[in-house]
Amino acid sequence: MIREIADQNWKESWKASFKPILISDQIAILPPWENANEFPQLHKIVINPGMAFGTGQHETTRLCLEVMLNYKMPETVLDVGTGSGILAIAAKKLGAIHVLGNDLDPDCMRIAHENAEVNETPQIKFVNIPIEQIEDKNFGMILANIESKPLKTVVPSICEHAKKNGIIILSGILSIEIDEFKEFMQNENVRFILSKIMGDWCSLVYEKL
């Protein structure tokens, strides 16, 4: 039996699947139909889930955001593979002065720019180039929320672009890959600080030596 379902049902059920992401009392990731004034978190980040490249719903993004709250934002932050720009926006709202996000997908640049404007952080710079072509190598914090295989290919450049004692937050790694990835990182000039697990995923934090 086939029957027609009202469009409104689809629209509302789609919206219902995108819940606000609340991270302590500091960050609320909200879809645009939520009233930001109803949330007590200090920093609100509005991301339209109709746009691809990261909405904050995935555990790997939430892991990054939670770990970021452990640190006072340094002056300079690099978000590698920025996607929607959500981590770059969070870094700026948390106090970073100079924030740079890079991505190889030109569509990401458009989305990230739009999200930065919506969230009143237009000062963030987004570049459509690989990390190897970024000239500044003095970042106080580097964020990379990328699946482990491509992440490994850019880890040497990530470590190279961090300043001495800079914090490197890596996410997109499966929890079953922790030991293997930590062993891989022993080839870099970094010190392991901590790991954080959420579901099947983990985030690893390092300090540049």
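Predicted model: local features only at pLDDT ≥ 70, side-chain atom pairs only at ≥ 80, totals over all residues.

Ser24 sits in the loop between strand S1 (21-23) and strand S2 (27-30). Its phi is near 50°, a positive value in a residue other than glycine.

**Overall composition**

The protein has six helices and ten strands. Of its 209 residues, 47% count as buried. Among the contacts with a separation of 6 or more, 62% are made by residues 24 or more positions apart.

**Residues in their surroundings**

A second residue with a positive phi is Asn165, where the angle is near 70° and the residue is again other than glycine. Asn165 belongs to strand S8 (residues 162-174), and its relative accessibility of 45% makes it partly exposed.

Glu75 is placed in the loop between H2 and S4. With a relative accessible area of 47%, Glu75 is partly exposed. Beyond its neighbours within four places in sequence, Glu75 is in contact with Ala96, Ile97 and His98. The C-alpha atoms of Glu75 and Lys92 are separated by 9.5 Å, and the two residues are 17 residues apart along the chain.

Gly140 lies in strand S7 (residues 139-145) and is buried, with a relative accessible area of 10%. Residues up to four places away in sequence aside, Gly140 touches Pro74, Thr76, Lys163, Gly166 and Ile167. Gly140 and Glu207 are 67 residues apart in sequence, while their C-alpha atoms are 9.8 Å apart in space.

Ser148 is part of helix H5. This serine is buried, with a relative accessible area of 12%. Neighbours within four places in sequence aside, Ser148 is in contact with Gly172, Ile173, Glu177 and Phe181.

The table lists the accessibility of several residues.

| Residue | Relative accessible area | Class |
|---|---|---|
| Gly140 | 10% | buried |
| Ser148 | 12% | buried |
| Cys64 | 0% | buried |
| Cys108 | 3% | buried |
| Glu75 | 47% | partly exposed |
| Asn165 | 45% | partly exposed |

**Helix H2 and the cysteines**

Helix H2 covers residues 59-68, and seven of its ten residues are buried, so the helix is largely enclosed by the rest of the structure. The buried residues of H2 are Thr60, Thr61, Leu63, Cys64, Leu65, Val67 and Met68. Cys64 is buried because its relative accessibility is 0%, under the 20% limit. Cys108 is also buried, at 3% relative accessibility. The structure holds zero disulfides.

**Paired strands**

Strand S4 (residues 76-80) and S5 run parallel and are joined by five bridges. Within this pair, Val80 of S4 stands opposite Asn102 in S5. Strand S5 (residues 98-102) is mostly covered, as four of its five residues are buried.

Strand S9 (residues 190-198) and strand S10 (residues 201-208) pair in the antiparallel sense, over eight bridges. The bridge partner of Val190 in S10 is Lys208. S9 and S10 form a hairpin with two residues between them, and Gly199 in the turn has a positive phi of about 65°.

As a general point on such elements, the side chains of a regular strand alternate between the two faces of the sheet.

**The second largest pocket**

Which residues line the second largest pocket? They are Val80, Gly81, Asn102, Asp103, Leu104, Pro130, Ile131, Glu132, Ile146, Pro150, Thr153 and Val154. Helix H5 (residues 148-161) supplies the largest share of the lining, three residues. By class, the lining has seven nonpolar, three polar and two charged residues. The volume of this pocket is about 200 Å³.

Notes: Residues numbered from 1 in each chain as written. Heavy atoms only, no water. Buried < 20%, exposed > 50% of the residue type's maximum accessible area, 1.4 Å probe, protein only. Contact = heavy atoms within 4.5 Å. 1 Å grid on protein atoms, 1.4 Å probe; cavity = no way out; pocket = protein on both sides within 12 Å on 5 of 7 lines; lining within 4 Å. Points joined across faces, edges and corners; volume = space filled by probe spheres on them. Nonpolar A, V, L, I, M, F, W, Y, C, P; charged D, E, K, R; others polar. Pairing = 2+ DSSP bridges. Disulfide = S-S within 2.5 Å.
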